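Here are some questions to work through with the model open. Start with the strands, then turn to the helices and the loops.

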Amino acid sequence: MLSFASFWLGKLNVHSFPSVPITQLAAIGLVIGAIIVIALMTYFKKWGWLWREWLTTTNHKKIGIMYVLVAFLMLLRGGSDALMIRAQQATSVGASNGPFPPDMFQQVFSAHGTIMIFFVAMGLMFGIINLIMPQQLGSRDVAFPWLNALSFWLFTAGMILVNLSLVIGDFSAAGWLAYPPLSELKFSPSVGVDYWIWSLEIAGIGSLMSGINFMVTILKNRAKGMSMMKMPMFPWTVFGSMVLVAFAFPILTVTLTLLYFDRTLGMHFFTAGMGGNAMMYVNLIWAWGHPEVYILVLPAFGIYSEVVATFSRKRLFGYASMVWAVWGIVFLSFLVWLHHFFTMGAGADVNGVFGIATMLIAIPTGVKIFNWLFTMYRGRIKFTAPMVWFMGFVFLFTLGGVTGVLMAVPPIDFQVHNSLFLVAHFHTMIVAGVVFGFMAGLNYWWPKVFGYKLHDGLGKLSAWLWIVGFTLAFGPLYILGLMGATRRLDHYSASLGWQPLFIVAGIGVLVIAAGVAVQVWQVIYSTVKRKENRDYSGDPWDGRTLEWATASPTQEYNFAVLPEVTSRDGLWEMKHPRGHDVPDVRVPQTEYHDIRVPKNSGHPIIIAGFAFLLGFGCIWHIWWLVVVSLVGILVTIFAHTLSDDDGERIIPASEVAAIEAAWQARRQRA
Amino acid sequence: MRKKYRIILPIVAVALVAALTAWYLSRHSIPVFEPRGPVAHQERGLIFLALILAVIVVVPTFGLTIYIAIKYREENHTAKTKYRPDFDHSVLFEGLWWGIPIVIIGILSVVAWNSAHSLDPARALASTKKPLTVQVVSLDWKWLFIYPEQHIASVNLAEIPANTPVDFQVTSDTIMNSFWVPQLGGQIYSMPGMITQLHLEASKLGDYFGSPANIAGRGFSRMNFTVRAASQSDYDAWVRKAEAAPRKLTVANYQQLAKPSDNVPVSYYSSVPDGFQKAVAMQYMMPDMSLAKQLGTGANTQPATMDMNMSSDSTKQQMACQDGKFCAMKSAPATTEKTSSPASTTKMCGTMPADMNMSGMDESKAAMSC
């Protein structure tokens with residue numbers, strides 16, 4: 001018989017709150033932070049503004065800003081996890097057990113990986129795509145603006161669930177991918193793995209929607225005359241990445257659901273015994289997991305293409321080759337998943353095939369590096385902060401890629417699998433590949449989004465700190481892996497001699513933290529001094545692509561008159577026409593028309609709110625809440641779908657004219 | 001910063017780091033690069049080969065990068081520096097940077113295929129000596145080593161004779177782990193319900209560090225083990241020492257061992273029942289296959305069958321075994337519910353067949369009836 005409490009509260013009880021002092025401190029800090037924000041908002045009477053301007057917006061640029069903000073906050077969270085990991089591993093030697101007990105340490109690194117991949121990397125990626133890509137395509141918005149907002153709020157709901165685990169309950173201690181049998185109920189009886197499952201389920205559905213949204217945007221929303229082969233490189237890489245999203249994320253959703261069924265309904269998909277097979281989970285999760293890392297890196301490659309071409313004042317070298325390389329990477333990334341578990345014993349034939357497939361990806365990736373180098377060749381290179389990020393990427397990512405090719409040889413992998421060598425490899429790929437790309441993109445496109453440039457000197461300093469810090473933090477890890485150091489250890493024996501390397505790695509992470517601090521200062525300082533760094537022209541870098549043809553910050557409707565292009569680098573051709581004359585869209589028009597833009601909608605955040613409650617209910621077995629949330633989601637979806645509202649509002653031509661005239665006046669000042 | 005400091009300071013910093021690294025490496029060994037067995041030796045050779053092939057591409061690329069970055073920097077442009085803003089295509093260059101990587105990856109692919117086969121962990125090592133079988137069971141949080149032919153077992157220390165191939169058969173009676181002895185060779189996962197194989201050999205005497213190489217719960221950082229390569233006589237003495245251990249590996253003692261504990265000191269068990277590791281793995285095959293039932297320490301209880309294709313309403317028979325011998329059933333299901341031919345079962349006792357195939361029983365390999 002269900003007691004009153006267990007019906008209404010499920011598994012929640014007073015013991016669900018943290019009992020370890022460090023966690024209690026973090027939880028209290030989180031709650032106090034939230035209370036302060038809420039108090040300030042109420043005091044300054046900003047709730048209405050927040051609701052109208054941000055919480056219900058369907059404008060892709062605002063959604064992009066919110067993604068980047070959430071991602072950055074999560075970078076701070078994931079980064080503090082990293083500091084804790086390094087602190088533990090530098091001190092937990094011999095007789096000392098370090099500051100964190102094993103249970104807690106295992107939650108820390110599980111949270112670190114989960115947050116960094118799903119909320120920092122994915123968040124920055126979707127954020128930058130939202131901020132810039134529609135303008136690059138010469139379009140007014142993404143294909144499905146309302147869906148775009150829903151994707152963002154689902155992402156945020158997942159993010160809140162992960163962070164809530166700090167305050168109520170605990171988090172998974174099974175690593176960022178939660179292999180069974182460890183993640184099954186028998187070995188992980190607490191709600192931690194369920195928090196992990198549900199935050200990813202919800203965020204993952206948001207990602208899948210974005211995948212479809214951006215694919216359709218690229219296919220259908222390009223400017224007149226912009227064939228696919230005249231698109232800038234960034235949308236090409238986004239397109240490849242979104243194809244991967246569309247095919248890979250359903251695998252994640254299904255696999256997590258099956259694991260949840262094992263844990264909650266007593267099923268046996270992946271259990272040890274009763275017909276379950278943990279190897280199937282490993283295969284499924286990596287069939288998603290491998291495409292996921294290419295989902296992340298491809299848009300970063302696209303950003304490098306934009307940055308290098310602009311700051312070399314030269315056309316991107318080998319455009320067609322670059323496009324083929326993207327598709328090579330997309331295709332191959334579905335054929336390599338087994339290299340994540342060569343040591344599971346699939347046999348020589350299977351290991352051999354997947355090893356060779358893995359190595360093949362090095363070819364298109366190498367091609368891209370050379371194409372960027374030869375974009376710089378015979379150019380006029382300006383080493384702004386984005387270019388410093390790019391150079392750091394070239395050196396570090398290439399070296400990390402070499403270690404990847406090494407591990408693609410199965411017997412080599414047998415010796416380094418699951419060691420710190422592996423950890424160093426994938427951090428090199430993700431940090432020096434993905435994160436550096438997004439940092440370069442943020443510096444590059446900041447003026448477009450906010451109307452003023454970021455201080456370049458501070459940008460370069462932060463890039464150098466990240467590069468040096470990363471080398472110090474992960475160089476030792478390559479050596480440690482070869483010394484036999486397995487990943488995720490919370491303690492090791494003093495006689496192994498590993499500690500000095502861990503200490504150096506700890507120093508490296510502190511240098512990276514300094515880099516992050518400089519970035520924060522860069523933003524604060526540049527914002528305070530923005531009058532001196534204003535971008536009046538909309539084109540501070542003498543850019544090549546269409547996003548620079550809008551005002552900075554971009555008008556709500558992007559283009560008063562939708563542009564037309566006849567070649568690649570559409571804006572460059574408008575500025576330096578040769579032969580064919582394409583009208584420059586920045587020149588004032590004699591006639592403006594009414595523009596339809598997507599309207600605000602409160603439905604996305606409401607649906608995401610119900611999704612959050614659904615996740616919470618599933619985690620704590622509060623079944624009435626699960627039912628209510630499901631009903632709430634469905635009712636809101638129907639309310640949206642069946643409403644007569646066409647979801648658009650009209651900006652009258654007079655208002656467009658006024659906005660454009662103001663922009664022209666600012667341009668004169670530039 | 002003044003221009004000359006901008007160049008000198010980084011060079012000094014890099015030199016300092018390089019010197020410190022060299023000093024550290026001179027005082028510490030890198031086990032993967034100091035193999036003590038043929039498998040690890042070949043794996044190290046592969047690492048060096050792959051690195052050399054990679055360096056062939058990477059070093060010129062880095063040189064080119066630095067050259068281009070300096071020469072074409074806007075501030076470094078002279079009247080003679082070429083600026084070709086539309087130079088975006090070259091069949092020659094494309095041919096080179098598609099072609100050369102394809103060749104290098106082609107060579108590495110052949111290497112990968114061949115080595116995946118020659119260094120397949122399940123493949124026996126070439127040797128004149130008869131291989132020693134060591135059965136490994138990963139527990140929370142220690143390693144049990146069963147020597148089936150010697151009928152002994154040890155915890156967290158596996159002594160092997162040097163220059164003798166060892167066939168490690170690895171399973172888990174808890175969650176997934178990974179059995180890794182870096183100086184002897186690469187690792188293999190240990191998984192419940194499955195038995196993986198890893199062939200290793202030690203070519204020098206010594207104690208080799210063993211690592212649990214997969215996250216396995218709270219105590220997994222404290223379950224390192226040692227593989228000790230000894231002379232034949234020392235190894236024989238060690239086996240005799242284990243045979244004299246007061247405890248036997250009964251089901252009860254095993255279950256005591258399997259309770260969660262970490263930092264477990266080395267201990268020994270004399271007298272291990274035949275087919276013990278197989279029974280550990282088989283626990284996960286059917287719901288009622290506890291160790292006690294399989295190894296016959298319990299009274300007559302609900303029997304189980306080995307045949308995976310059995311339907312649930314096939315006739316089951318009790319099984320009873322003595323002397324720790326392993327019992328198995330081969331059953332033929334009742335043909336249909338309507339016919340009168342009943343299900344038949346044949347009981348066989350004896351040592352388990354050497355092969356891992358559990359679907360049906362190969363009657364010719366089983367020993368005689370109990």
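Q: Which residue stands opposite N177(B) in β7(B)?
A: Strands are DSSP runs of E, at least two residues long, while helices are runs of H or I of at least four; both are numbered from the N terminus. Two strands pair if DSSP finds at least two bridges between them. β6(B) and β7(B) pair in the antiparallel sense over four bridges. In β7(B), the residue opposite N177(B) is S190(B).

Q: What kind of model is this?
A: Residues are numbered from 1 along each chain as its sequence is written, and chains are lettered from A and ligands numbered from 1 in the order in which they are written. Side-chain values use heavy atoms, leaving out hydrogens and water; local features need pLDDT of at least 70, side-chain atom pairs count only at pLDDT 80 or more, and totals for chains, interfaces and linings use all residues, since the model is predicted.

Q: How many residues of strand β6 (residues 177–181) of chain B are buried?
A: Buried means under 20% relative accessible area; over 50% is exposed, and values in between are partly exposed (1.4 Å probe, protein chains only). The rest of the structure largely encloses β6(B). Its buried residues number five of the five.

Q: Which residues of β6(B) point the other way from N177(B), F179(B) and V181(B)?
A: In a regular strand the side chains alternate between the two faces of the sheet. N177(B), F179(B) and V181(B) point one way, and they are buried. Pointing the other way, and buried too, are S178(B) and W180(B).

Q: Which residue in β10(B) is the bridge partner of G206(B)?
A: β9 (residues 206–212) and β10 (residues 225–230) of chain B pair in the antiparallel sense over five bridges. G206(B) has its bridge partner in β10(B). That partner is A229(B).

Q: How far does helix α7 (residues 192–220) of chain A reach from its first C-alpha to its last?
A: The expected span of a helix is 1.5 Å times one less than its number of residues. α7(A) has 29 residues, and 42 Å is expected. Of those 29 residues, 23 are buried. The reach of α7(A) is close to expectation, at 42 Å.

Q: Are α6(A) and α7(A) roughly parallel or roughly antiparallel?
A: Axes are lines fitted to C-alpha atoms, for helices over the stretch in contact, and angles run from 0 to 180 degrees between N-to-C directions. Under 35 degrees counts as roughly parallel, over 145 as roughly antiparallel, 65 to 115 as roughly perpendicular, and the rest as oblique. The axes of α6(A) (residues 145–164) and α7(A) come within 8 Å and cross at roughly 160°. That makes the two helices roughly antiparallel.

Q: Which residues of α7(A) make the contact with α19(A)?
A: The axes of α7(A) and α19(A) (residues 603–620) come within 9 Å and cross at roughly 155°. Contact means heavy atoms within 4.5 Å. From α19(A) the partners include F612(A), F616(A) and W620(A). From α7(A) they are D194(A), Y195(A), W198(A) and I202(A).

Q: Is the crossing of α4(A) and α17(A) left-handed or right-handed?
A: A crossing is left-handed if the near helix is turned anticlockwise from the far one by less than a right angle, and right-handed if clockwise. α4 (residues 60–91) and α17 (residues 499–528) of chain A pack at about 160°, with axes 8 Å apart. Their crossing is left-handed.

Q: What is the omega of the cis peptide bond from P180(A) to P181(A)?
A: P181(A) lies in the loop between α6 and α7 of chain A. The bond from P180(A) is cis, with omega near -5°.

Q: What is the phi of A178(A)?
A: A178(A) lies in the loop between α6 and α7 of chain A. A178(A) is buried, with a relative accessible area of 1%. Its phi is positive, in a residue other than glycine, and is near 50°.
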